[in-house]
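Subject: Structure for your review

Dear colleague,

Please find the sequence and structure below. A summary of the findings follows.

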Amino acid sequence: MPEISVVLPSILQPLAGGQSVLTAPADGPVTVAKLLDSVTADFAVLARRLRDETGALRRFVNVYVDGDEVRRLQGLDTEVAPGQEVLVIQSVAGG
C-alpha cells in the first residue's frame, strides 16, 4: 500500500520514539488532519505538541505539503496524496 511520509524536525523526534520520519498508509488522498491523527496515534505527547485541545495547529507549528504551508492552502483540510512530502516545522521562539 502506498504511504505518506511526515518529516519531523530534530526538536520533535524524541516525542516520536527518536524517528525522523513517520509514515501512514494511504490508498488515496487524505487530509492533513487525518494524516496527523494517524502518525501521532502512538505518540500522545507529539499529538499535543502539534495541535491544541480543539484540534487546531498550534501557533508555532507549521506544516508544509510539497513546500506549501497548509495555512495558505486549506489548513488541516488540505489533501495530501501518497508520494507527497509533508514537513512539520516547529518555530523556536526566544529572545
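Leucine 36 lies in helix H1 (residues 32–39); helices (H or I, at least four residues) and strands (E, at least two) are DSSP runs, numbered from the N terminus. The model is predicted, so that local features need pLDDT of at least 70 and side-chain atom pairs count only at pLDDT 80 or more, while totals for chains, interfaces and linings use all residues. Residues are numbered from 1 along each chain as its sequence is written, and side-chain values use heavy atoms, with hydrogens and water left out.

At 2% relative accessibility, leucine 36 counts as buried (buried means under 20% relative accessible area, exposed over 50%, and partly exposed in between, with a 1.4 Å probe and protein chains only). Apart from neighbours within four places in sequence, leucine 36 is in contact with Leu50, Arg51, Leu57 and Leu76, where contact means heavy atoms within 4.5 Å. Between leucine 36 and glycine 55 the C-alpha to C-alpha distance is 10 Å, with 19 residues separating them in sequence.

The buried residues of H1 are Val32, Ala33, Leu35, Leu36 and Val39. They lie on the same side of H1, because they cover an arc of only 165° around the axis; the arc is that of the directions from the helix axis to the C-beta atoms.

Threonine 40 is placed in the loop between H1 and helix H2 (44–50). Threonine 40 is buried as well, with a relative accessibility of 9%. When residues up to four places away in sequence are not counted, threonine 40 touches Leu46, Ala47 and Leu50.

Strand E1 and its partners

Strand E1 is joined to strand E2 (residues 21–25) by 5 bridges, and the two run antiparallel; strands pair if DSSP finds at least two bridges between them. Glutamate 3 stands opposite proline 25 in E2. With strand E7 (residues 85–90), E1 runs parallel and is joined by 3 bridges. Valine 7 has leucine 87 in E7 as its bridge partner.

A backbone detail

Aspartate 66 is located in the loop between strand E4 (61–65) and strand E5 (68–69). Although not a glycine, aspartate 66 has a positive phi of about 50°. Most residues other than glycine have a negative phi. Aspartate 66 is partly exposed, with a relative accessible area of 47%.

Yours sincerely
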